[in-house]
Amino acid sequence: MGRVIYEDVVRAEFDDRLLAHLQIVIGNKLRRDEPFYFSWRDGASEGHGRTSIWVHPGASLVFKYLGGRPATINPAWLDALMRAANAPGGLYILPEPPATGAPAEPDVA
């Protein structure tokens, strides 16, 4: 399990594979200077609630991975997550769809 750390205050854990996809989507939105909401369901230790953050180009974000290998990227998942990020409600966690075509090479260091 990796984690996203936002503004050194909000910390959320995600599977490394999901985190790699989120990093690409978030990076693409910020590269275009497009702020957006990012929401997820909290785990049991946080009371099973929901967290939403306003992600903007000036925000401090850290993507911390537990594993040492970059994930193989599923272009279909990236597309679905990017569509969510571009919608008024913002980015939220979607289940991974089957990959279409050949998997993309890892896009994160």
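Helices (H or I, at least four residues) and strands (E, at least two) are DSSP runs, numbered from the N terminus. The model is predicted: local features need pLDDT of at least 70, side-chain atom pairs count only at pLDDT 80 or more, and totals for chains, interfaces and linings use all residues. Residues are numbered from 1 along each chain as its sequence is written, and side-chain values use heavy atoms, with hydrogens and water left out.

**Exercise 1. The largest pocket**

Determine which strand gives the most residues to the lining of the largest pocket.

Solution. 
- On a 1 Å grid over the protein atoms alone, a pocket is an open set of points where a 1.4 Å probe fits, with protein on both sides within 12 Å along at least five of seven lines; lining residues have an atom within 4 Å of a point.
- List the lining. Met1, Arg3, Val10, Arg11, Ala12, Glu13, Trp40, Arg41, Asp42, Gly43, Glu46 and Thr51 line the largest pocket.
- Assign elements. Two or more lining residues come from each of strand 2 (10-14) and strand 3 (36-41).
- Conclude. Strand 2 gives the most, with four residues.
- Sort by class. The lining has six charged, four nonpolar and two polar residues.

**Exercise 2. Helix 1**

Check the span of helix 1 against its number of residues, then describe its ends.

Solution. 
- Take the rule. The expected span is 1.5 Å times one less than the number of residues.
- Apply the rule. The 16 residues of helix 1 should span 22 Å, and the end C-alpha atoms are 22 Å apart, so the two agree.
- Look at the N-terminal end. Asp15 caps helix 1, with a side-chain oxygen 2.9 Å from the backbone nitrogen of Arg17.
- Look past the helix. Asp33 follows helix 1 and has a positive phi, near 60°.

**Exercise 3. His21 and Pro57**

Is His21 buried or exposed, and what does it touch? Treat Pro57 likewise.

Solution. 
- Buried means under 20% relative accessible area, exposed over 50%, partly exposed in between (1.4 Å probe, protein chains only). Contact means heavy atoms within 4.5 Å.
- His21 lies in helix 1 (residues 16-31). His21 is buried because its relative accessibility is 0%.
- List its contacts. Beyond residues up to four places away in sequence, His21 touches Thr72, Ile73, Asn74, Trp77, Leu78 and Leu81.
- Pro57 sits in the loop between strand 4 (50-55) and strand 5 (61-64). Its relative accessibility is 43%, so Pro57 counts as partly exposed.
- List its contacts. Leaving aside neighbours within four places in sequence, Pro57 is in contact with Leu30 and Asp33.

Definitions and conventions: A polar contact is a pair of N or O atoms within 3.5 Å; within protein, one must be able to donate a hydrogen and the other to accept it, and residues adjacent in sequence count only if both atoms are side-chain atoms. Ala, Val, Leu, Ile, Met, Phe, Trp, Tyr, Cys and Pro count as nonpolar, Asp, Glu, Lys and Arg as charged, and the others, Gly among them, as polar.
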